Amino acid sequence: MAADLTSTKLNAENHLLLDQPLLRLPHELARKNFKSVQRFVEREREYVLPALKETNNALQSNDQTLDQTLAALDAMISRMQCLKRKMETLHQEEKMIHSQSRKRIKHLETLHQIHSLADVKYDQWARVRLDRLVVDHMLRSGYTDSARQLAQEKDIEDLVDLNVFVQCQRISESLRHGETKDALQWCNENKAALKKSQHNLEFELRLQQYIEMVRTGDKGRFVEAMAHAKRFLAPSIDLQSTEIHRAAGLLAFPRDTKAEPYKSMYAPNRWTYLSDLFVRTHHELLSLPSQPLLHIALSAGLSALKTPSCHSAYTSSSSNSLSTTTSVCPICSTELHELARNMPYAHHTKSYVESDPIVLPNGRVYGQQRLLEMSSKVGCVDAGKVKDPTTGEVFEKGEMKKVYIM
Amino acid sequence: MDLVQKEHERLSKKIKASQSINNVQITIDSLQAARDAIASDPSQASITLAKLQSSVKSSFDSINDSLKETHSSLNKYSKSLDKLFKDKPLPSTEHDALSSQEHLINRAIAMHLLREGQFAVAATFLSEMAKKKAMESQQQAGSSASENAATLLDIDEVPSNEVRKQFATMYYILHEMKENNNLLPAIQWSRDNSEALEARGSNLEFELCRLQFVWLFHGGPDRQGPIPTGRQVALEYARREFQTFLPRYLREVQQLMGAMAFCPNLQDSPYRVIFNNPSAWEDVAHSFTREFCSLLGLSADSPLYVAATAGAIALPTLLKLQTIMKAKRTEWTTENELPVEIPLPPSYLFHSIFVCPVSKEQTTDENPPMMMPCGHVIAEESLKRLCKGSRFKCPYCPNESHPREAKKVFL
């Protein structure tokens, strides 16, 4: 029963396992933001500098009128103004991302000031974490309104990534409905990062567009489809040769074909596959785990808490809802009981029982102190008797027998 | 963590000080100026353009410089993050047994929200879930969706209305108690459930009434009221209500009455603990919540919270285990038991645990703990192995007994 001190010690560094995405995600966003700025600047630079030179040359060789020169300059000015506008919006976003990151770092920092798991502060911190995990789970499952509402009520909007998930949800939903536009736009925005990804989302999307064209069965669309394939599919021939050959073969099969693999290429559930692929790619790009963090925390927690008694056919003497001296075990509580049924239970090397255990004639073991206290509280027990809080049987005090548990 | 904080601060500073937008503005200005100059004086056009070329180029260069600085700060911050999360991979999900039980998780969340008193969020959540379910059933069943929708909804009818109502009641009572110092709803509830409470050995009803007495004694709703009136009211209350408590709580009632005599000088009396207990309201609210949840078969603290927290505590250990197992290419030998002990704080232990001192295994329904006549307990399988059907010596004392005499115990 000895509670060793090591078990309540809080090692903050180790404790951050679940919180990696908290800092990683805004950082990925910031990097993406920075890349966009860089790209915009580069693009304008590559336009403005040569254009200036050209104008100058043209002017010197006198094959340009003054109006043309002025027009060229005007064009440059308007492009630069456009660049400025873009940069300003991105800068605003950047600032927001960084202030969010700061709040998150601060949140994690508070954990480093807590040294014991028994500290009240840890309790508060862990509650915030649970809210974060729940919001994360809701967002991933598509319960956006609930997530937003919960984040608002708990005032943790800076600690969760509502917008990111809402966007992700929107695109995956559009794929489910057979729309590639949003997803392709997203691919375009993240082109550089996607090159490193092992999933070839863009190729699959283009292939799907091609399939849709062929599906119509209209000869006119076939030409279009072939042009599409040449433009978008052919460049990745090194990596995707099988798929490209199949795509070519698809032209020979009608949409109700029974022949594989063409049947599954025409299958409507390919859209579901695309949607899942998008979500996977998206999460990977932003360093998000593929599973909701709540699942990870829960499956570890359920196992750590579960004991053989939790799903036993016999009511446990040590933790049940029948007596005030015990508290109900969370695994036995209705909420988690079914969920934990198939989980492994925790490993223990030492027995853990109440001090001074006694056994009643019906085989139930209790701490003597607790049993006596409980019996004196219950009104209907005469002096010199004890009542079994689990079964309600009443025994003589003398019938209690010492039991030795090693 | 300090490093991350420092790097982030540096990064933010860089971004705040970033001149790139200013530089763009400068470029625009110089372009504009050149344009105006050329328009007004076409003869100087080529010189103006040549100047312009160099000034635009230099401002682009300085934009790039400032971008480069930001980039290097970003990279440094990246590195500090990498360092912080080194050896801490994102928890892998190879053994994710939970995704298939999404509806159970959602139910747990809904109940968690209810028990935390987040009724509005819970309502939104439930309606969103119902919507999703209706949509799914429509997609699956097509035309027969209409008749299915109704049945599908109550298959695992996420916290039934009954539970929701119960929690609403609980929060109403707690609210009355904390905000308005009104104990009457709580007392009423405990009277309605007095039988169940008594079987549990709970003192809740008496505790509530005693607090009501103390509250009346101090003047009730208007605390500044004259003490004598308060005392009068409290006395009347005691006469009316305490009758039923007499057999069980004689001593406590006597104490309360005895305090009356010390009234003018309660501070120095032995009764001051009862009458000036600042945490009394908290305590009563706490034990009320506990009793309320217990009667519903629920634990007092949110199980979702306890489990998620325990999970966070357990994760480092489990992750370490996973890496070791991967390195040694072994699998768990027992599927229904974790292979390592996870050090949880004592407050996370709820059940008694019996590990057989002979086989070092935890006892289960199939292999229950058995007590020998001498009072020592071992697991049934160990017992069978030791005795081989005849009399045997207890492994812990000189006592000999027959396996028939061993008795199953419940921990």
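In what sense do strand S2 (residues 357-359) of chain A and S3(A) pair, and over how many bridges?

Reply: A word first: this is a predicted model. S2(A), residues 357-359, and S3(A) pair in the antiparallel sense, over 3 bridges. One position shows the pairing: Pro357(A) stands opposite Gly367(A) in S3(A). Helix H16 of chain A, residues 368-377, packs on the sheet. This helix touches S2 and S3 of chain A, and its direction makes about 85° with that of S3(A).

Now take in the whole sheet. Three strands of chain A form an open sheet, in the order S3-S2-S6, with antiparallel pairing. Strand S3 (365-367) and strand S6 (401-402) of chain A stand at the edges. Each has a single partner strand, so one side of each is left without a neighbour in the sheet. In general, strands of a sheet pair through backbone hydrogen bonds, either parallel or antiparallel.

Turn to chain B. Here too there is an open sheet of 3 strands, in the order S3-S2-S6, and the pairing is antiparallel. Its edges are strand S3 (377-379) and strand S6 (407-408) of chain B. Each edge strand has a single partner, so one side of each lacks a neighbour in the sheet. Strand S2 of chain B, residues 369-371, is joined to S6(B) by 2 bridges, and the two run antiparallel. Met370(B) has Lys408(B) as its bridge partner in S6(B). Helix H16 of chain B, residues 380-387, packs on this sheet. It touches S2 and S3 of chain B, and its direction makes about 90° with that of S3(B).

A database record covers part of this region. In an unreviewed entry, UniProt lists "domain: RING-Gid-type" at residues 356-397 of chain B. The end C-alpha atoms of that span lie 16 Å apart. The span is 19% helix and 19% strand.

Next, see how the chains meet. Strand S1 of chain A, residues 345-347, is joined by 2 bridges to strand S1 of chain B, residues 337-341. These two strands run parallel. His347(A) has Glu341(B) as its bridge partner in S1(B). The contact between the chains takes 125 residues from chain B and 133 residues from chain A. Helix H3 of chain B, residues 45-84, gives the most to the side of chain B that touches chain A, with 17 residues. By class, that side of chain B has 75 nonpolar, 34 polar and 16 charged residues.

Step back to the layout of chain B. Its domain assignment gives domain 1 (2-84), domain 2 (103-153), domain 3 (166-295), domain 4 (302-334) and domain 5 (351-411). The C-alpha centres of domain 1 and domain 5 of chain B lie 80 Å apart.

Helix H7 (residues 161-180) and helix H8 (residues 184-192) of chain B pack at an angle of about 135°, with their axes 8 Å apart. H7(B) and H8(B) are therefore oblique to each other. H7(B) brings Tyr172(B), Ile173(B), Glu176(B) and Met177(B) to the contact. H8(B) brings Pro185(B), Ala186(B) and Trp189(B). By class, this contact has 6 nonpolar, no polar and 1 charged residues.

Last, a record for chain A. UniProt places "domain: CTLH" at residues 164-221 of chain A, in an unreviewed entry. The end C-alpha atoms of residues 164-221 of chain A lie 36 Å apart. This span is 79% helix and 0% strand.

Note on methods. Residues are numbered from 1 along each chain as its sequence is written. Chains are lettered from A and ligands numbered from 1 in the order in which they are written. This is a predicted model: local features need pLDDT of at least 70, side-chain atom pairs count only at pLDDT 80 or more; totals for chains, interfaces and linings use all residues. Axes are lines fitted to C-alpha atoms, for helices over the stretch in contact, and angles run from 0 to 180 degrees between N-to-C directions. Helices (H or I, at least four residues) and strands (E, at least two) are DSSP runs, numbered from the N terminus. Angles under 35 degrees count as roughly parallel, over 145 as roughly antiparallel, 65 to 115 as roughly perpendicular and the rest as oblique. Two residues are in contact if their C-beta atoms, placed from the backbone, lie within 7 Å. Ala, Val, Leu, Ile, Met, Phe, Trp, Tyr, Cys and Pro count as nonpolar, Asp, Glu, Lys and Arg as charged, and the others, Gly among them, as polar. UniProt positions are given in the numbering used here, feature names are shortened, and annotations may be inferred rather than shown by experiment. Two strands pair if DSSP finds at least two bridges between them. Domain bounds come from an automatic or database domain assignment.
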